[in-house]
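Colleague: I am new to this structure and would like to know what lies behind the terms used for it. Please show it first.

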Amino acid sequence: MSLSHLLHRFSLDLCRTSSPLQHRSLHAMADTAVKVAILGAGGFVKDAYVKSLAACSAKIVVTGLWSRSADSVSKLLPEIQAFSPGCRPYHGGLEEVLSSNVDAVIIVLPPQAQGAAIEAALRAGKHVLSEKPAAPTMDEAQQLLAAYRSLPQASLIRGRMACRCRNGLLTACARAPAPLWCVAENYRSIDAFLQLRDAIASGQLGTVARLTMNVDLAMDPGNKYYSSAWRRDSTSMPGAFLTEGGVHFLAGLRMAAKASGFGEAVAVVAASAGISPDLPHPDTVAGTLWFEKGASAGYSMTMAAGRMHISLQAAGTKGCAEVVRGGIGAASQHGRGFRLVKQCAGDVDFTQARQSARWWRCLPVESTSNGVEEELLCFARLASCAIQQSKKAGAGTASGGAAEVALEHGGKAELPELPSEEDEYRVSCVEAVRDLAVIVALLESAAAGGARVTIAQAE
């Protein structure tokens with residue numbers, strides 16, 4: 001059971017036994033919706049965020065939409081205002097939106113432009129959720145981490161779960177926490193990948209002997225991101241499409257490796273190729289990851305495939321499992337979402353298993369979302385907790401955007417859902433930088449003719 005569920009149950013028990021004053025105080029800790037501004041108004045915001053933000057509108061209120069282009073803002077603003085009527089347009093410089101009454105920003109800009117926006121928002125005291133990759137290069141990623149560490153009370157999220165219950169009330173650290181920097185990776189929040197992780201961690205597959213991630217993507221003129229200039233820019237973002245998308249798949253692979261007891265990835269060898277004449281080279285990379293406990297895993301990715309097929313396979317001593325999307329038999333070119341297919345030894349005696357149709361149980365489970373909504377809720381819980389900590393510490397946030405919690409007065413809303421360590425892990429900026437470090441090392445190894453390359457470690 002997660003920390004949030006334990007605290008929730010504990011608080012409900014207190015509600016049943018506490019005095020009327022304590023009961024009102026518990027309700028007064030209601031989870032005020034986090035006020036956010038979106039930095040970026042391009043097509044990806046519409047494609048990936050609008051629907052999910054609408055679904056999370058009880059926890060996240062969009063009060064601002066910013067872009068350098070006034071035209072982009074005016075086109076997207078009505079869709080945001082459909083669920084956040086008070087959303088205001090901003091364009092030009094960042095100063096106005098960062099000085100507005102918001103608690104946090106969601107940064108959906110090209111990675112080449114995100115670094116400056118992340119630092120500016122953190123300096124302004126705003127919590128940040130930025131899009132993947134964490135940065136276009138490892139040098140910039142390490143610089144962002146260093147800037148984040150330099151903030152007063154910055155803890156890289158770890159240790160932020162300093163809340164505790166006292167007499168049924170949520171209390172906080174004596175000192176206000178620094179703003180959060182979180183990164184949206186989304187493959188750490190997709191059902192199928194989480195169920196694979198849990199199957200491995202619970203021992204259903206036995207000892208994992210092999211992990212393999214294979215990614216075949218069709219980056220052709222029919223793909224809406226085919227002409228994306230910043231995704232193609234291998235000068236400012238080495239690896240181009242392989243880097244921009246690769247962090248997704250390495251997030252899933254690393255999560256499965258952690259559950260398998262492999263530890264962190266420490267080194268790679270790889271080869272690469274340029275297959276398609278109209279894609280940045282290389283457009284294909286394949287290699288092996290070595291982990292600190294001695295295990296290895298395979299990774300391959302191509303942008304030059306004729307059809308999409310994504311597969312993460314785990315083979316263990318008691319069974320195997322695969323998270324898969326697309327490929328042969330998929331309903332369409334883009335598949336119908338990720339699904340988990342798990343095959344474990346049945347209940348029959350092993351000596352009779354080969355003659356039994358029950359030897360393998362095949363249980364396909366299809367993911368119901370792309371993980372974005374779940375990430376947003378993780379971020380909302382973390383940001384809301386940090387805002388409340390700041391209020392109780394007497395420091396307030398830079399914007400004062402969250403409503404003051406008045407413990408002496410009753411409230412009508414539900415008890416807040418507190419963040420868990422799982423929330424921290426899924427949107428961790430450190431994990432995001434580690435994903436980037438792996439793809440960077442794979443590309444460096446390939447460029448060096450397959451030499452073994454040590455992976456830069458982010459702490």
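Modeller: The model is a predicted one.

Colleague: Which residues are closest to the centre of that pocket?

Modeller: Among the 23 residues that line the second largest pocket, Gly-42, Val-108, Leu-109, Pro-110 and Trp-230 are the closest to its centre. Helix 3 (43-55), strand 2 (60-67) and helix 9 (229-232) each give two or more residues to the lining. Helix 3 gives the most, with four residues. By kind, the lining divides into nine nonpolar, seven polar and seven charged residues.

Colleague: Why is Cys-182 called buried?

Modeller: Cys-182 has a relative accessible area of 0%, and buried means under 20%, so Cys-182 is buried.

Colleague: What makes Cys-320 partly exposed?

Modeller: The relative accessible area of Cys-320 is 27%.

Colleague: What makes strand 9 and strand 13 a pair?

Modeller: Pairing takes at least two bridges, and nine join strand 9 (residues 208-218) to strand 13 (residues 304-316), so the two antiparallel strands pair.

Colleague: How many bridges link strand 13 and strand 14?

Modeller: Seven, in the antiparallel sense. Gln-313 has Glu-322 in strand 14 as its bridge partner, and the two strands form a hairpin with two residues between them.

Definitions and conventions:
Residues are numbered from 1 along each chain as its sequence is written. This is a predicted model: local features need pLDDT of at least 70, side-chain atom pairs count only at pLDDT 80 or more; totals for chains, interfaces and linings use all residues. Side-chain values use heavy atoms; hydrogens and water are left out. Buried means under 20% relative accessible area, exposed over 50%, partly exposed in between (1.4 Å probe, protein chains only). On a 1 Å grid over the protein atoms alone, a cavity is a set of points where a 1.4 Å probe fits but cannot get out, and a pocket is an open set with protein on both sides within 12 Å along at least five of seven lines; lining residues have an atom within 4 Å of a point. Ala, Val, Leu, Ile, Met, Phe, Trp, Tyr, Cys and Pro count as nonpolar, Asp, Glu, Lys and Arg as charged, and the others, Gly among them, as polar.
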